[in-house]
Amino acid sequence: MTSTLTESPVSRLNAPTLHRLPNGLTIVAEQMPVEAVNLSLWLAVGSAVETDEINGMAHFLEHMIFKGTARLQSGEFERRIEQRGAVTNAATSQDYTHYYITTAPQDFAALAPHQIEVVLNAAIPDEAFERERFVVLEEIRRSEDNPRRRTFYRSMEAAFEHLPYRRPVLGPAAVIESLKPQQMRDFHSIWYRPQSLTAAVVGNLPVERLIEIVAESFETAQSHRNHSAAHYVELPDVSPEAPFTQICRSEYIDDSLQQARLVMMWRVPGMADLPQTYALDVLSSVLGRGRTARMVRDLREERNLISSISVSNMTYTQQGLFYIAVQLPSENLAVVEAAIAQHIRDLHTELISELELERVRTLVANRFVFGNETPSDRASIYGYYQAVIGDLTPAIEYPSRIQALSTADLQAAARQYLSPDAYSVVTLRPS
């Protein structure tokens with residue numbers, strides 16, 4: 001089945017074609033007049049599908065994907081990629097795992113089958129597993145030595161009580177040390193199947209040719225797949241957690257820091273409730289994006305209370321977090337927290353100005369254009385939305401959704417989701 005999304009005036013940049021194969025694979029393809037082709041393979045499989053006993057498996061498997069198959073020796077994939085000047089990489093998050101290659105158009109038919117082969121038919125040999133275990137453990141050690149990562153981990157533990165988003169994607173070292181190669185082979189067999197995959201391919205070849213190359217590559221790879229029986233998997237509880245009803249505090253002493261860290265968080269809707277997230281996206285920009293944003297101007301530019309501040313509306317699949325992170329002198333922690341709470345209270349009592357809203361609309365429109373400039377940009381947008389929520393339309397209509405919001409919509413969202421008197425706050429300070 002093939003379909004092309006209807007364009008709106010705002011989304012005239014984008015005209016992806018959606019094609020589904022009988023084996024369940026979803027292909028999103030678009031021709032783009034840039035002399036490159038990007039193939040992005042997305043799975044809605046990340047650390048959120050893991051149990052505590054295998055936390056870190058999805059990320060560890062991402063490493064092992066590149067260690068060869070029955071038909072490609074370890075290192076052969078990278079060698080063939082580099083010989084033709086192509087690039088490849090991968091990433092694992094809570095809700096997805098993503099693999100990609102970018103090639104010249106004339107090399108795509110030769111290299112795409114290798115990318116699909118290593119992802120679908122990873123051998124996961126015992127010896128390579130043991131060697132890579134040490135690489136992953138070193139990555140965990142480095143992340144724990146990173147103040148920004150450490151702050152984030154503490155914050156996620158405070159933000160969620162039972163949702164798997166509270167755990168690190170890399171997993172604890174003790175779990176990684178205990179994992180067995182067969183556990184990973186089983187995990188791969190369960191999750192890495194065509195019906196779980198979205199292949200987003202964008203570049204300067206006709207759409208029909210892009211789809212043909214990807215479809216034939218999957219058919220060949222699947223014919224060599226070891227069709228071991230999939231096991232039943234009991235998924236972690238992913239029911240959204242209730243909003244905070246009071247101020248919940250977590251405080252840590254961290255002598256590696258030069259300045260304190262302050263994080264304030266509210267539980268908000270995630271990708272499963274996508275229409276509820278747009279106003280929160282705008283509010284995050286009103287408060288924290290750019291030097292003229294409210295809290296940047298007030299706390300950093302005018303009052304010089306902080307070194308930096310970022311405001312994000314983080315949208316995981318089942319739940320989101322409205323997340324404010326500040327770096328500041330320890331003696332300013334109390335006054336800055338109170339000032340941020342007052343900014344949130346102001347959103348309840350006063351409509352933001354049309355000038356502020358127009359600034360954010362311009363930012364969103366520009367980011368949309370800039371985020372569509374390359375084949376890898378577009379393939380990433382298409383792959384993420386199709387894999388995570390099964391719908392491309394929000395990826396393309398995002399600017400028009402933002403344009404449609406009124407100042408009253410923003411006030412209503414602030415009143416519903418952002419309480420100045422109920423949130424989770426995490427502080428880390430040197431002693």
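**View 1. Strand β7 is largely enclosed by the rest of the structure.** Buried here means under 20% relative accessible area, with exposed over 50% and partly exposed in between (1.4 Å probe, protein chains only). Strands (E, at least two residues) and helices (H or I, at least four residues) are DSSP runs numbered from the N terminus. Which residues cover the two faces of β7? L197, A199, V201 and G203 lie on one side, T198, A200 and V202 lie on the other, and all are buried. In a regular strand the side chains alternate between the two faces of the sheet.

A word on reading these views: residues are numbered from 1 along each chain as its sequence is written, and side-chain values use heavy atoms, leaving out hydrogens and water. Because this is a predicted model, local features need pLDDT of at least 70 and side-chain atom pairs count only at pLDDT 80 or more, while totals for chains, interfaces and linings use all residues.

View 2. Two strands pair if DSSP finds at least two bridges between them.

**View 3. L39 sits in the largest nonpolar core.** A nonpolar core is a set of buried Ala, Val, Leu, Ile, Met, Phe, Trp, Tyr and Cys residues joined through side-chain atoms within 4.5 Å. The largest one has 61 residues, and L39, F108 and V214 have the most contacts inside it. Helix α8 (residues 207-223) gives the most to this core, with 8 residues. Contact means heavy atoms within 4.5 Å. Not counting residues up to four places away in sequence, L39 touches residues including Y99, F108, I116 and V214. Apart from this core lies another, of 53 residues, among them L274, L299, I306 and L418. In soluble globular proteins, nonpolar side chains tend to be buried together.

**View 4. Five strands form an open sheet.** The 5 strands follow the order β8-β12-β9-β11-β10, and the pairing is mixed. Which strands are at the edges? They are β8 (247-253) and β10 (308-315), each pairing on one side only. Neighbouring strands of this sheet are turned by 15° against each other on average, direction ignored. β8 and β12 (residues 423-429) pair in the parallel sense over 7 bridges, and Y252 has L428 in β12 as its bridge partner. Helix α5 (residues 147-159) packs on the sheet, touching β8, β9, β10, β11 and β12, and its direction makes about 40° with that of β9. Helix α11 (residues 333-349) also packs on the sheet, and its direction makes about 30° with that of β9.

**View 5. Helices α11 and α15 cross.** The axes of α11 and α15 (residues 407-417) come within 8 Å and cross at roughly 125°. Axes are lines fitted to C-alpha atoms, for helices over the stretch in contact, and angles run from 0 to 180 degrees between N-to-C directions. The two helices are therefore oblique to each other: angles under 35 degrees count as roughly parallel, over 145 as roughly antiparallel, 65 to 115 as roughly perpendicular and the rest as oblique. Where they meet, L347, H348 and T349 in α11 touch Q411, A414 and R415 in α15.
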